[in-house]
Amino acid sequence: MAQVNVVIQTAFLGDLILSIPVLKRIKHLFPSEKLAVVCKKGLGEFLLQENLADMVFEVEKSNSSSYKDVQLKLNSLDLNHVFCIHRSVRSLLFVSRLNARKKIGYSSVAGFWVFDDVVEYDKKYPDVIRQFRILEPVDSEVRKEFLKDGFESLNDIHSPVPDFFSFEISSKAAASKRIAIFPGSVWATKRWTEEGFIKVAEMLTAKGFSVDFLGGPDEKEICERIAAAVPGTHVQAGKYSIAETIKSIPNYGLVIANDSAPAHMAVYKGVPVVTVFGPTTLDLGFRPWSNNSRVVQNTTMDCRPCGAHGHDKCPLGHHECMKSVSAVQVFAAVQELL
Ligand code: SF4
């Protein structure tokens with residue numbers, strides 16, 4: 001029976017996509033071993049479809065028996081390494097019950113008890129770099145890379161992504177007059193305004209681009225409202241699974257999204273992306289991890305960032321971080337990339 005390396009990443013889809021460079025590196029490091037990923041329910045299909053993992057185990061955060069089931073399944077395998085990218089107490093407890101040769105995670109009081117090796121979680125660094133640190137104990141090349149300095153500056157959208165830490169996109173997406181717009185986000189304050197999306201869609205259609213609005217079933221309504229205001233645009237939201245949506249991204253010449261999972265989907269597929277940032281800022285570490293991307297944001301507001309993820313309502317009640325971003329700015333960013 002082949003040995004199995006396990007990655008625990010039970011965060012939202014965007015964070016899981018940002019784990020892809022690390023998943024690829026683990027496959028490269030241990031070519032004869034299997035890679036298993038423990039992820040949030042509903043997110044495993046695309047990892048298998050894209051051949052990023054050999055096995056996926058989905059857990060439901062509110063359901064402790066789902067963790068127990070996965071624990072039993074994993075402990076029936078020959079586990080070599082466990083890489084715990086997710087930092088919650090629940091994930092640490094879960095890892096403590098796994099039988100593996102070596103468990104690696106981020107340093108914390110509980111982490112010293114659970115893991116055989118701990119690494120630093122560098123808040124100042126881009127998330128992909130923070131995630132790569134988990135490989136330091138097993139990868140001499142990663143250790144060599146971390147001798148270098150300047151990772152903090154990579155949060156700047158104009159800083160080139162180092163090849164070693166990139167998504168390794170081998171083929172450039174073909175030029176296309178089709179634009180995908182994802183107006184949704186799990187967090188309401190991370191959504192740019194509907195008026196903004198309408199205006200930029202009008203500008204694009206006026207220039208001869210075909211515009212599709214995409215998203216999950218929960219985002220169908222917002223997509224329909226926006227599309228109804230811009231004749232000739234189409235709603236694809238709610239029709240496809242996450243895996244199918246990711247597969248469809250290369251059909252588009254460019255993606256416009258909020259600071260959310262679709263921006264990272266576009267990067268993963270090598271499609272240029274314009275991302276609107278509001279309550280979050282680039283120094284939180286979640287820039288689109290590509291050299292073919294632009295970020296549009298209001299850099300003059302002291303209240304940004306107002307949280308690590310965004311909120312359901314603007315804590316100040318005005319949501320100016322998003323309202324002050326204009327369609328002209330977003331369209332200009334689109335033109336820079338096309
Ligand atoms: S507090 Fe500021 S950054 Fe946060 S949602 Fe409101 S306007 Fe945006």
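**Figure 1. Right-handed crossing of helices α9 and α14 in the predicted model.** In this predicted model, helix α9 passes helix α14 in a right-handed crossing. The contact is formed by Gly196, Lys199, Val200 and Met203 on the α9 side, and by Ala327, Val330 and Phe331 on the α14 side. Sorted by class, the residues joining α9 to α14 comprise five nonpolar, one polar and one charged. Helix α9 covers residues 194–206 and helix α14 covers residues 327–337. Their axes come within 9 Å and cross at roughly 45°. The two helices, α9 and α14, are therefore oblique to each other.

**Figure 2. Packing of helix α9 against helix α10.** Helix α10 comprises residues 220–228, and its axis lies 9 Å from that of α9, at an angle of about 50°. This angle makes α9 oblique to α10. The crossing of α9 and α10 is right-handed. From α9, the residues Glu194, Phe197, Ile198 and Ala201 meet Ile222, Arg225 and Ile226 of α10. By class, the contact between α9 and α10 holds five nonpolar and two charged residues, with no polar residue.

Figure 3. The protein is divided into domain 1, residues 4–165, and domain 2, residues 178–337. A distance of 27 Å separates the C-alpha centres of domain 1 and domain 2.

**Figure 4. The cis peptide bond at proline 305.** The peptide bond that runs from arginine 304 to proline 305 is cis. Its omega angle is near -10°. Proline 305 is placed in the loop between strand β12 (293–296) and helix α13 (320–323).

Figure 5. Asparagine 51 has a phi near 60°, which is a positive value in a residue other than glycine. This asparagine 51 is found in the loop that joins α3 to β3, where β3 covers residues 55–59.

**Figure 6. The whole chain, as context for the close-up views.** The protein has 14 helices and 12 strands. Along its principal axes, the C-alpha trace spans about 60 × 40 × 40 Å. For 338 residues, a compact globule would have a radius of gyration near 20 Å, and the protein agrees with this, having 20 Å.

Notes
Residues are numbered from 1 along each chain as its sequence is written. This is a predicted model: local features need pLDDT of at least 70, side-chain atom pairs count only at pLDDT 80 or more; totals for chains, interfaces and linings use all residues. Axes are lines fitted to C-alpha atoms, for helices over the stretch in contact, and angles run from 0 to 180 degrees between N-to-C directions. Helices (H or I, at least four residues) and strands (E, at least two) are DSSP runs, numbered from the N terminus. Angles under 35 degrees count as roughly parallel, over 145 as roughly antiparallel, 65 to 115 as roughly perpendicular and the rest as oblique. A crossing is left-handed if the near helix is turned anticlockwise from the far one by less than a right angle, and right-handed if clockwise. Two residues are in contact if their C-beta atoms, placed from the backbone, lie within 7 Å. Ala, Val, Leu, Ile, Met, Phe, Trp, Tyr, Cys and Pro count as nonpolar, Asp, Glu, Lys and Arg as charged, and the others, Gly among them, as polar. Domain bounds come from an automatic or database domain assignment. The radius of gyration is taken over C-alpha atoms; the globule rule is 2.2 Å times the number of residues to the power 0.38.
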